[in-house]
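Biologist: Can you take me through this model? I'll ask as we go.
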Amino acid sequence: MNRRTLMATAALGLGLAFGGSADAAGMDKVKACFVYVGPVGDGGWTYQHDQGRLAVIEAFGDKVDASTFQENVPEGADAERVLTQMALSGCNIIFTTSFGYMDATNAVAAKFPDVKFEHATGYKRDSDNVSTYGARFYEGRAVIGTIAGRMTKSNKIGYIASFPIPEVIRGINSTFLHAKKVNPDVTLSVVWAYTWFDPAKEADAAKALIEQGVDVIVQHTDSTAPLAEAAKTARVIGFGQASDMAAYKPSPRVSSIIDNWAPYYVKRVGALLDGSYAQVDSWEGISAGEVEIGEITDAVPAEVKAEAEALRDAIGAGTYHPFTGPINKQDGTAWLADGATAPDGDLLGMNFYVEGIVGDIPQ
Amino acid sequence: MLILEKRPSPSQFWTYTTPILAVILTMIAGGALFALLGKDPVVAIRTIFWDPLFGEFAFYLRGQLLVKAGPLILIAVGLSLGFRAGIWNIGAEGQYIIGAIFGAGVGLAVFPTESRWIFPVMIAAGAFGGWLWAMIPAILKTRFNTNEILVSLMLVYVAQTILSKAATGFLRNPQGMGFPGSRNFSSYPAARNVELISGTGMHWGVVAAFIAVIAAYVLLQRHILGFQIKLAGQAPRAARFAGVPPTRLVVMCMGISGALAGLAGMFEVSGPAGQISIDFASGYGFTAIIVAFLGRLNPLGILLAGLVMALTYVGGEMASTNLGLPSAAVQAFQGMLLFFLLAVDLLSNYRIRFMKGRAA
Amino acid sequence: MDFGGINPAVLVASLMVASVPIMLAAIGELVVEKAGVLNLGVEGMMIMGAICGFISAVQTGSPVLGFIGGAVGAAALALVFAVLTQVLQANQVATGLALTLFGLGLSSLMGQGYVGIKPPLTGQVPFGPLADIPVLGRILFSHDPMVYVSIAIIAAVWAVLKFSRMGLILRAVGENHDAAHSLGYKVTRIRILAILFGGAMAGLGGAYLSLVRVPQWTDGITAGAGWIALAIVVFASWKPWRVLLGAYLFGGISVLQLNLQAAGARIPVEYLSMSPYLITILVLVIMSSGKGRASMNAPAALGQNFHTAR
């Protein structure tokens with residue numbers, strides 16, 4: 001017997017045995033499994049995904065078995081093996097929480113058509129049991145960019161960026177646009193760390209920026225090291241990234257961008273339970289609660305806090321889009337006309353700085 | 001008073017028994033470690049060693065063992081030749097990366113042409129890339145007497161930076177929406193490293209590993225180079241008197257190990273890993289060093305050692321998912337395995353005696 | 001007085017701080033190698049020092065106890081290496097590598113519950129008005145205690161090796177262990193003590209990373225610093241003061257490349273991040289070629305196991 005057929009049959013059999021009937025009438029019990037790229041204790045990206053998993057357990061009680069997760073899974077062949085094992089052991093829905101799992105997710109999804117796969121921050125959906133989801137982090141960047149622009153005394157904002165991918169460039173552009181809107185003299189220095197999580201490197205990058213005179217640090221890396229470094233110098237502030245990083249309140253952490261995956265995870269597992277599950281490509285932001293702004297502390301003056309909160313509410317209500325024209329590209333060519341908002345396509349493939357940012361995106 | 005007395009020649013019995021003894025000791029110590037972490041030691045050990053071979057999902061996992069063991073064996077065979085001669089190529093990881101970049105680069109450069117020749121050319125390119133990277137420490141050692149351990153190691157970091165640049169720059173997928181990572185080879189049939197027998201995990205890299213084991217065995221037993229390698233390792237002065245050219249030995253050993261490591265990288269990138277990404281290098285180059293020692297620097301031993309190591313990887317992963325055992329525990333476990341092997345190794349070279357009187 | 005937007009006094013002060021971990025690990029390894037042992041497990045010992053130091057500091061609330069804990073933890077791991085190579089006659093290169101692997105795994109296990117925690121803060125040494133002197137004040141008087149301790153250790157090692165009887169015996173053991181043995185010196189014991197010292201120093205260096213530099217615990221926090229320390233020993237031709245120079249050079253390049261980026265210099269980032277390693281290779285080549293003096297300075301018995309026939 002062909003191995004592939006054997007596996008698929010086994011999966012189907014196990015799926016039926018554990019998962020109840022997997023047809024449009026909903027399921028009695030769902031086994032939800034999670035694949036993490038880092039450790040749950042990282043206090044950042046993976047931690048927030050795990051919080052989402054815990055929210056699923058809380059929301060559905062014993063209708064859901066969300067106890068299976070695997071952390072520190074490297075991308076590539078190992079990811080494929082872990083996903084296959086999970087599918088074989090009866091998972092009904094598997095959340096793969098890193099961009100790098102894209103090919104592995106699609107490859108395994110093709111072999112297990114009855115298992116649902118949810119891939120974070122990806123764009124490939126080769127079979128109809130693969131959905132992709134992300135969050136509009138740039139909306140959060142707009143709010144903290146406003147706070148940064150208002151709070152900086154040296155007019156220098158430092159940005160610790162990870163990799164030159166559209167998501168990071170979006171964040172840089174959104175932060176800069178909104179800082180400049182409230183403070184036309186502001187400049188942005190970007191240091192590329194080429195890592196998502198490396199506290200030593202992030203601390204060094206923060207130190208280098210502070211030595212250059214920066215007094216606001218914005219980061220797209222996941223550890224608390226930049227905040228720890230900022231804490232060593234009195235006048236420097238920063239923001240929590242991916243999670244609240246509350247240990248550094250009230251300063252230097254004056255606010256934060258929190259990834260809240262709970263609403264999405266609960267929604268998707270719920271859809272499996274009640275039979276309304278369908279393939280999606282989800283990209284929600286503040287309005288759906290997926291991007292939250294952490295408490296703005298008293299280190300921020302009241303009128304700045306009010307301004308930031310008003311902006312957050314406007315974005316959440318849909319009355320303001322962070323990328324609203326007139327905006328030009330860094331080389332001066334026009335991108336958005338006056339009043340026009342950026343289409344999602346432009347945002348997803350963003351590979352240019354906006355006008356006013358000095359420096360090149362590494363190629 | 002325990003005295004160590006050197007044996008005139010290594011004991012045959014102990015040479016074969018020590019690896020088994022080391023594995024058993026590791027199981028015991030590892031079990032104790034797992035118990036300390038609050039996991040049932042017997043279940044954990046069984047999950048790591050038994051389940052992948054005979055357990056519930058073994059039909060799938062047995063193939064995965066070959067996937068994991070293939071590159072380890074391929075690299076370790078190359079390293080063992082150098083280690084025997086006292087030439088320490090610690091930078092196999094860097095050679096693995098450069099071989100992958102060369103192989104993938106050649107393949108992607110001619111995308112999407114289909115031709116029977118693309119894969120063989122990629123193989124040659126991968127081997128060449130690894131060989132080239134190993135030549136740097138080799139030439140520096142022969143010309144300038146620079147320590148090859150440090151140079152090859154520094155080059156690992158340089159290779160990782162080049163990998164980063166490849167994934168985000170010159171090998172990045174033009175249709176990838178700006179994300180890092182090259183095109184995936186699963187969508188390029190002519191350049192793909194396919195499974196020869198589906199479901200067994202046996203891809204061309206595994207085949208290459210088997211060939212390498214046989215070739216190394218023959219080299220060591222029959223070829224003059226093999227003799228020179230063994231001589232240089234066991235009796236350096238005798239080797240000098242016998243006219244073994246040290247330069248040639250260094251270049252050949254580094255070159256072979258570099259080429260094999262590069263091959264492993266190329267097979268991995270066009271097969272299981274699928275693409276050049278920033279995290280492509282998963283430490284095979286360093287683990288292969290352990291495999292080489294675990295296999296007593298003998299090609300057949302390395303074959304078995306590679307499979308045992310793969311077992312700890314695959315089984316360890318299962319233990320992680322099913323028992324919640326931290327993945328770091330598996331790494332510590334592998335380190336312990338090498339420690340125990342090195343410790344019991346003395347039994348094959350020394351005899352233990354009980355003697356009265358003062359020690360040295 | 002800025003060059004391209006970078007203040008040299010601030011840069012020098014930064015590099016002094018950045019080089020402390022590798023300086024400590026390197027001076028420890030220098031002593032070990034002077035005794036004739038090649039310990040490639042520096043990376044493993046450093047990271048054990050990092051986690052043990054972190055745990056001690058967090059549990060006791062005292063950074064001093066943290067550093068001591070780091071030194072002790074790393075020395076304990078070094079003891080395993082010592083027993084394996086000196087008593088059980090294992091191959092030094094392989095054992096060192098095993099030490100690194102085991103240290104990385106064990107430290108990660110021990111650190112499972114400590115990710116993301118803030119350690120007690122190590123303050124700066126209060127030099128008062130001295131710290132306000134322009135340029136020199138920033139460079140010399142505004143550091144935490146370990147910066148000064150590390151320089152003091154280098155001075156102490158230099159003095160002991162050069163002037164004291166203990167240093168002479170150590171060097172003798174490293175040059176020709178058979179001759180030293182026939183003179184009645186306990187080669188094995190001396191080497192074990194040297195290995196323990198090397199472990200303690202590496203541990204201090206690692207603890208510095210997790211308690212001061214970052215300061216936090218993460219898996220793999222050392223990121224290859226142990227290997228750099230090994231290179232620095234060769235670069236320094238096994239001379240203590242050159243270790244200081246090597247550590248500053250290496251630390252300086254790493255700090256410089258980040259500062260250049262932050263200042264907006266147009267040099268491609270990847271080449272900058274490669275540069276410390278390439279420069280190390282270049283320096284190694286120069287050191288070992290040339291008049292061949294560096295290779296003559298290596299302890300003659302380096303890497304060879306000592307065993308007496310009975």
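Modeller: One term before we start: two strands pair if DSSP finds at least two bridges between them. Helices (H or I, at least four residues) and strands (E, at least two) are DSSP runs, numbered from the N terminus. This is a predicted model, where local features need pLDDT of at least 70 and side-chain atom pairs count only at pLDDT 80 or more, while totals for chains, interfaces and linings use all residues. Residues are numbered from 1 along each chain as its sequence is written, and chains are lettered from A and ligands numbered from 1 in the order in which they are written.

Biologist: Fine. What order do the strands of the open sheet in chain A have?
Modeller: The order is β7-β6-β8-β9-β10-β12, 6 strands with mixed pairing.

Biologist: Which are the edge strands?
Modeller: β7 (187-192) and β12 (291-294) of chain A, each pairing on one side only. From one strand to the next, the twist averages 20 degrees.

Biologist: In which sense do β6 and β8 of chain A pair?
Modeller: Parallel, over 4 bridges, with β6 at residues 156-161 and β8 at residues 216-219 of chain A. One bridge joins A:Gly158 to A:Ile217 in β8(A).

Biologist: New topic. How do α12 and α13 of chain B cross?
Modeller: The axes of α12 (residues 299-323) and α13 (residues 327-344) of chain B come within 9 Å and cross at roughly 150 degrees. Axes are lines fitted to C-alpha atoms, for helices over the stretch in contact, and angles run from 0 to 180 degrees between N-to-C directions. α12(B) and α13(B) are therefore roughly antiparallel to each other; angles under 35 degrees count as roughly parallel, over 145 as roughly antiparallel, 65 to 115 as roughly perpendicular and the rest as oblique.

Biologist: Which residues make that contact?
Modeller: B:Thr312, B:Gly316 and B:Ser320 from α12(B), and B:Ser327, B:Val330, B:Phe333 and B:Gln334 from α13(B). Residues are in contact if their C-beta atoms, placed from the backbone, lie within 7 Å. By class there are 2 nonpolar, 5 polar and no charged. Ala, Val, Leu, Ile, Met, Phe, Trp, Tyr, Cys and Pro count as nonpolar, Asp, Glu, Lys and Arg as charged, and the others, Gly among them, as polar.

Biologist: And between chains, how many residues of chain C contact chain B?
Modeller: 42 residues of chain C, against 38 residues of chain B.

Biologist: Which element of chain C gives the largest share of that side?
Modeller: α5(C), with 12 residues. That side of chain C has 24 nonpolar, 16 polar and 2 charged residues.

Definitions and conventions. Contact = placed C-beta atoms within 7 Å.
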